[in-house]
Amino acid sequence: MKTDSRKLEHVVLINISYPTRINKRGTTSIPEIPIGAATLPLLAALVHQYRPDCELRSYDEIGTHVDFDYIDGLPRKSTLILMSVRTTLAYEAMQMSRTLREMGFAVVMGGPHISACQEEALQYTNGAVHGEAEIHMKDIIEAFESGALNANTLPGLRFHSDKNCDLTGSPIPEREIYKSSRTYMNTGVIEFSRGCHFRCSFCASSNLYTQSRSFKSIGQILAEISTLTVYPGGYRFWLFGDDNFTTSHKRAIKLSIEIGRHYPKARWGCAMTISSARDPELLDAMADGGLRYAFIGFDSILQSSLADANKTGAEVCHYEKLIKELKKRNIQITAALVFGFDSDDVSVFQKTLKWSLENGVDLLNLNVLRPYPSSLLYQKLIQEGRMIYDPWWLQPFETRLKMVHDLSPNISGIMTTFRPNKMSARELAEGTLWVGREFYKARNVFPRIIKNNKKIVPFLVGLKSNYYYAKEFSVKGKVVIDPGRCQI
Ligand code: B12
């Protein structure tokens with residue numbers, strides 16, 4: 001092993017976004033909700049845990065584009081680039097890694113996509129990480145400082161762990177790194193747990209690390225909340241980023257009670273499963289503790305499609321009653337729905353729109369079924385020979401645009417990568433887009449917001465959220481690929 005020891009003095013953290021400008025003047029990025037994930041603040045805290053004097057720059061492109069000029073001015077010998085990668089942007093991440101390596105920087109990649117496709121990533125980066133940063137950060141820094149990990153290390157070094165970290169030892173993320181960006185909504189993402197006890201076939205997370213769950217302590221969460229911005233009137237806002245905040249009712253109840261006790265003006269949101277709404281004690285505790293926004297994976301309004309998805313514990317016939325339970329407690333609902341299950345035919349779009357308009361959900365998050373590389377669904381579609389593009393995540397952006405049949409430049413939710421069972425791929429993309437456009441038409445938005453929000457603040461929040469979600473479906477115009485990025 002080559003040893004060329006050096007000290008780590010600079011770290012650049014990157015979470016990339018789509019490489020496009022979409023309006024006529026070529027200036028607007030594809031709309032993504034400007035929420036700062038916990039990822040880069042956590043990586044920052046972990047770097048500082050081991051190298052307190054290290055200088056840090058972070059670029060979460062949803063808020064701030066990567067500044068190549070600044071990076072170019074950094075010393076190659078003492079600078080490490082850490083990239084977090086999601087599957088939808090894997091192609092762009094590999095491009096950027098190559099650019100940075102060619103500039104002479106050592107690049108390490110981690111995140112959900114690299115955990116799913118570590119072997120593949122090793123071809124593009126100097127270090128590829130499977131698993132949680134808490135477990136690997138020390139080894140990464142040591143490999144860099146020993147010279148074993150540098151811009152020429154290819155294939156890259158493999159950092160792998162099949163164990164979960166103990167979240168009670170996880171540091172408080174350094175959220176200050178987002179303060180320089182004016183684009184973000186002022187909402188923090190806080191993690192309480194990792195892992196989920198369900199095994200839905202399309203889930204991108206359930207097979208990624210290990211099958212077990214881990215939790216932070218209540219004291220940790222309360223301390224983390226104290227670092228968030230306080231707004232006039234003493235309010236604090238955040239979202240829990242857990243895949244399923246209610247994976248343990250007991251823990252969620254305890255935490256919610258403590259949040260209410262310590263921060264009576266807390267207002268937060270979380271993702272949870274609909275079957276949890278059967279537990280009135282849980283709903284009362286969460287609502288009293290400040291829960292105002294629930295992102296709920298209903299996934300389908302067809303029971304047969306839920307069976308296709310291996311989604312257990314959810315019964316469509318109870319959805320309406322459970323929605324009422326949440327609304328009774330003034331909890332706004334974002335219904336996440338997926339189209340393209342084997343049981344779905346074209347009638348699913350009309351049925352879903354009707355259901356969504358009638359039952360009082362506040363927002364719709366719509367996605368075409370997407371075979372993430374870590375999912376059981378991906379394995380099934382490969383076996384059945386039904387993938388149209390494989391691996392879809394390494395296709396250039398132009399090819400990914402074909403997967404939305406040029407219906408919209410916003411590939412995020414409606415890209416179709418496989419042959420559906422009871423409709424064409426184009427019908428699937430078209431139908432999904434149609435439901436979104438109808439749901440977010442002004443004639444549907446205003447009556448809904450007025451009916452669902454009697455007070456001024458929730459009304460304004462409702463208006464803003466509808467605006468962000470509507471943008472996802474209304475994006476039109478020419479796509480211009482950023483010339484600053486090369487081919488992989
Ligand atoms: C907040 C959020 C968003 C925000 C984005 C915020 C942002 N600035 O990026 C919004 C709402 C915009 C969003 C959009 C989307 N999201 Co999202 N999102 C989340 C959510 C709920 C929380 C993220 C977070 O803060 N996690 C906490 C951090 C600490 O966890 P982490 O990022 O996984 O990092 C850990 C490890 O992965 C690892 N790690 C990560 N990066 C690195 C880097 C290095 C160098 C190292 C060593 C380790 C490492 O260490 C960390 C600590 O252990 C997650 C769910 C989740 N449980 O993570 C989904 C999640 C990340 N999103 C997902 C998806 C699919 C999407 C969308 C594609 C949805 C869509 N159809 O449009 C888009 C794509 C956006 C994009 N640009 O990539 C998937 C990603 C799956 C995958 N394989 O890529 C997730 C995991 C949800 C899920 N279970 O399906 N999202």
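Author: A residue is near a molecule if its C-beta atom, placed from the backbone, lies within 6 Å of it. This is a predicted model: local features need pLDDT of at least 70, side-chain atom pairs count only at pLDDT 80 or more, and totals for chains, interfaces and linings use all residues. Residues are numbered from 1 along each chain as its sequence is written.

Reader: Which residues come nearest to the ligand?
Author: They are Ser84, Gly110, Glu132, Ala133 and Gly241, out of 43 residues around the ligand.

Reader: Which helix gives the largest share of that shell?
Author: Helix 6 does, with four residues. Helix 6 spans 133-146, and strand 4 (79-84) and strand 5 (106-110) are among the other elements that each supply at least two. Helices (H or I, at least four residues) and strands (E, at least two) are DSSP runs, numbered from the N terminus.

Reader: What domains does the chain have?
Author: The assignment, which is automatic or from a database, gives domain 1 (10-160) and domain 2 (169-363 + 428-486). Their centres, taken over C-alpha atoms, are 27 Å apart. Each of the two domains contributes at least three residues to the shell around the ligand.
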